[in-house]
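Please look through the structure shown below. The questions that follow take its parts in turn.

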Amino acid sequence: MNKEVITVQNLTKMYKLYDNPMDRVKEALSARGRKRYKEHYALRDINFTVRQGETVGIIGTNGSGKSTILKIITGVLSPTEGSVRVDGRISALLELGAGFNPDYSGIENIYLNGTMLGFSRDEMTEKLDEIIEFADIGDFINQPVKTYSSGMFVRLAFAVAINIDPEVLIVDEALSVGDVFFQAKCFRKFEEFKANNKTILFVSHDLGSINKYCDRAILLNKGHVVEEGTPKEIIDIYKKILVNQYDEEAEQSQEEGQTDKGPEEAGESGAVPEASAVSDPDDNVSDHEEPEQADAVLWKSRFNVNPSIVEYGDKKAEIIDFCMLDANGIITNSIEKDKEFRIKMKILFHDTIEEPIFAYTIKDRMGNDLTGTNTLYEEINVGVKHAGDVTEVTFRQIMTLHGGEYLISLGCTSYEQMDFVVYHRLYDAFNLTVISQKNSVGYFDLNSKITLK
């Protein structure tokens, strides 16, 4: 069994709240030691452990004590009572830009943070290139951080925290800042940490992240641990707390002598069926609305593409261009919900391939596959492609995803003598912004019709 890396025992944090500043002075000068403050318990008698290799999420409403726990574990705050033991080197990403000197450049702050974490200048120099590459903020790395946007702040802070090889990573809501590509890169780094048996403890209001990445979740409410268990169980309880139903149901189940599980809420399973496909009739869009390439301008140069696309494959076939078009045939990253849209890609064949498979996948920013399709699923006869051939593929469908940010990956694959082969894949090639006037539970819309009598 893995060792206990974090042990929290009987942890209590109490703050003294004074009605006005002079009450502090009066209390200090009082011969009788009269209390002039009210006691506010941010945490009361908290107990839990985190084992090596676990990813544990802490959730709860605002003011439940989540951030206070992380600050005590990292030594930023001292407990009123109880103890915390940490076995291993911690890297923490708490308040945005904490530990940064606003007048120092990004480079200087990397060294400053490294010194605070116990690294020598030579050790940080060895890690410098990796940190700069991960932060990906260009020439701003040499500018004072007081000139940074909030997104640049978190990019640099996370890059330092994640690349110093910590045994324990502690994160407090930091991933809610930054663009969708950077968030996806951070979550892939989480996967690497988990694979390397590192320990992660993080606070998030993003229940999708908690469900996907955590082995266990802890639910706090008003400074108390309500429950801990699997993410699915804890998220279900948390949702009851949000609508003030948890205490009522607990009392009712106690009286009845049984636990009322209740039906699952619609859409909580996380499973998302494929997007509804529409027939591909004769194209009625006029020529000027199509992504013409007569002027040799690539489609992908005309909209927002991930500057750090991850690509792989043996390149017997290569995706040389791609784009997304709205219902009016305009190349764009933004699609209106319930409107038709198209994904197009152009593939150059460097070798002869029988029945290549063309595919796309839509993912959320944590990397969860939401929907997608390919020519094999759709039973399209692609035939044989020869070296030098160029094929243009168009996927046409109706947007049923809810409003939000998503990522689209593209691929060209096949089967050679029953072996699956990847010729070219573009991971997180571009972002999709869905514009919606109406959302419901989950990721997609069933377009329910409601009647009342």
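Predicted model: local features only at pLDDT ≥ 70, side-chain atom pairs only at ≥ 80, totals over all residues.

Me: What percentage of the residues in the protein is buried?
Reply: Buried means under 20% relative accessible area, exposed means over 50%, and partly exposed lies in between, with a 1.4 Å probe and protein chains only. The protein has 453 residues, and the buried share of them is 44%.

Me: In what order do the six strands of the mixed open sheet stand?
Reply: Two strands pair if DSSP finds at least two bridges between them. β5 (90–93) and β9 (224–229) are the edge strands; each has a single partner strand, so one side of each has no neighbour in the sheet. The order is β5-β6-β7-β3-β8-β9.

Me: Which residue of β7 is the bridge partner of G57?
Reply: Strand β3 (residues 55–60) pairs with strand β7 (residues 199–203) in the parallel sense, over four bridges. Within β7, the partner of G57 is F202.

Me: At what angle does helix α6 run to β7?
Reply: Axes are lines fitted to C-alpha atoms, for helices over the stretch in contact (heavy atoms within 4.5 Å). Angles run from 0 to 180 degrees between N-to-C directions. Helix α6 (residues 180–195) lies across β3, β6 and β7, and its angle to β7 is about 140 degrees.

Me: Which helices do the buried residues of α3 pack against?
Reply: Helix α3 covers residues 106–116, and its buried residues include I107, I110 and Y111. Just after α3 comes G118, with a positive phi of about 95 degrees. The buried residues of α3 pack against α4 (121–135) and α5 (150–162).

Me: Which residue forms a salt bridge with E54?
Reply: A salt bridge is a side-chain nitrogen of Lys or Arg within 4 Å of a carboxyl oxygen of Asp or Glu. The closest N and O atoms of the pair are 2.9 Å apart. E54 lies in the loop between β2 (37–51) and β3, while its partner is in strand β8 (residues 216–221), so the bridge ties together parts 162 residues apart in sequence. Both residues are buried, and the partner is R216.

Me: Which strands stand at the edges of the three-stranded open sheet?
Reply: The order of this sheet is β11-β13-β18, with antiparallel pairing. Each edge strand has a single partner strand, so one side of each is left without a neighbour in the sheet. The edge strands are β11 (317–325) and β18 (390–398).

Me: Is Q417 buried or exposed?
Reply: Q417 sits in the loop between β19 (404–416) and β20 (419–435). Phi of Q417 is near 50 degrees, a positive value in a residue other than glycine. Its relative accessibility is 77%, so Q417 counts as exposed.

Me: How is E355 classed, with a relative accessibility of 36%?
Reply: E355 is in the loop between β14 (353–354) and β15 (357–363). E355 is not a glycine, yet its phi is positive, at about 50 degrees. With 36% relative accessibility, E355 counts as partly exposed.

Conventions:
Residues numbered from 1 in each chain as written. Heavy atoms only, no water. Helix = DSSP H or I, 4+ residues; strand = E, 2+ residues; numbered from the N terminus.
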